[in-house]
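I opened the notebook to look up a few side chains and their partners. My notes are below the structure.

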Amino acid sequence: MMNLMSGARLLGEEIAFATNEMLDRVQTETHLFGEYLSKMAEAHSVNDIMTMYTACGQHQIDFVRRDCERLFTHAQRLIGIWSRLGQGNG
């Protein structure tokens, strides 16, 4: 019974985590798109556009790296919790 309650609590936490991650992702992507449009409006030459693409591309790569690291850390924590629940030590 205790494992069932722990599992239900964990499921609720995971739903909350997924919801927060989706909202955070939408907010970040909206911000990045706004920055992109702003930089496109400021570009007045081919060199400015190439510089903008380079900077925006690097920014997007950095965002994806941080996002993957955060999800990897979360997955490690989740695996640890599930393994403890499976052992009956929840």
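These entries cover salt bridges, a surface patch and one tyrosine in a predicted model.

**Entry 1: salt bridges.** I searched the whole structure and found 7 salt bridges. I then looked at single pairs.

Arginine 77 pairs with glutamate 14, with the closest N and O atoms 3.8 Å apart. Arginine 77 is in helix H2 and glutamate 14 in helix H1, so this pair ties together parts that are 63 residues apart in sequence. Is glutamate 14 buried or exposed? I noted 16% relative accessibility, so glutamate 14 counts as buried. Arginine 77, at 41%, counts as partly exposed.

Next I checked arginine 70 and aspartate 24, which meet in a salt bridge at 3.6 Å, N to O. Arginine 70 lies in helix H2 and aspartate 24 in helix H1, so parts 46 residues apart in sequence are tied together.

Arginine 25 forms a salt bridge with aspartate 67, and their closest N and O atoms are 2.4 Å apart. That pair links helix H1 to helix H2 across 42 residues. Aspartate 67 is buried at 8% relative accessible area. Shared partners join Glu21, Asp24, Arg25, Glu29, Asp67 and Arg70 into one network of salt bridges.

**Entry 2: nonpolar patch.** I found Met40, Val46, Met50 and Tyr53 forming a nonpolar patch on the surface, with about 400 Å² of accessible area together. Helix H2 (residues 46-87) gives the most, with 3 residues. Methionine 40 is in helix H1.

**Entry 3: tyrosine 36.** I placed tyrosine 36 in helix H1 (residues 2-42). What does tyrosine 36 touch, not counting residues up to four places away in sequence? I listed Met52, Tyr53 and Cys56.

Methods:
Residues are numbered from 1 along each chain as its sequence is written. This is a predicted model: local features need pLDDT of at least 70, side-chain atom pairs count only at pLDDT 80 or more; totals for chains, interfaces and linings use all residues. Side-chain values use heavy atoms; hydrogens and water are left out. Helices (H or I, at least four residues) and strands (E, at least two) are DSSP runs, numbered from the N terminus. Contact means heavy atoms within 4.5 Å. Patches are made of residues with over 30% relative accessible area and no salt bridge: like charges are joined within 9 Å, nonpolar side chains (Val, Leu, Ile, Met, Phe, Trp, Tyr) within 5 Å. Accessible areas come from the Shrake-Rupley method with a 1.4 Å probe; for residues, only the protein chains shown count as cover. A salt bridge is a side-chain nitrogen of Lys or Arg within 4 Å of a carboxyl oxygen of Asp or Glu. Buried means under 20% relative accessible area, exposed over 50%, partly exposed in between (1.4 Å probe, protein chains only).
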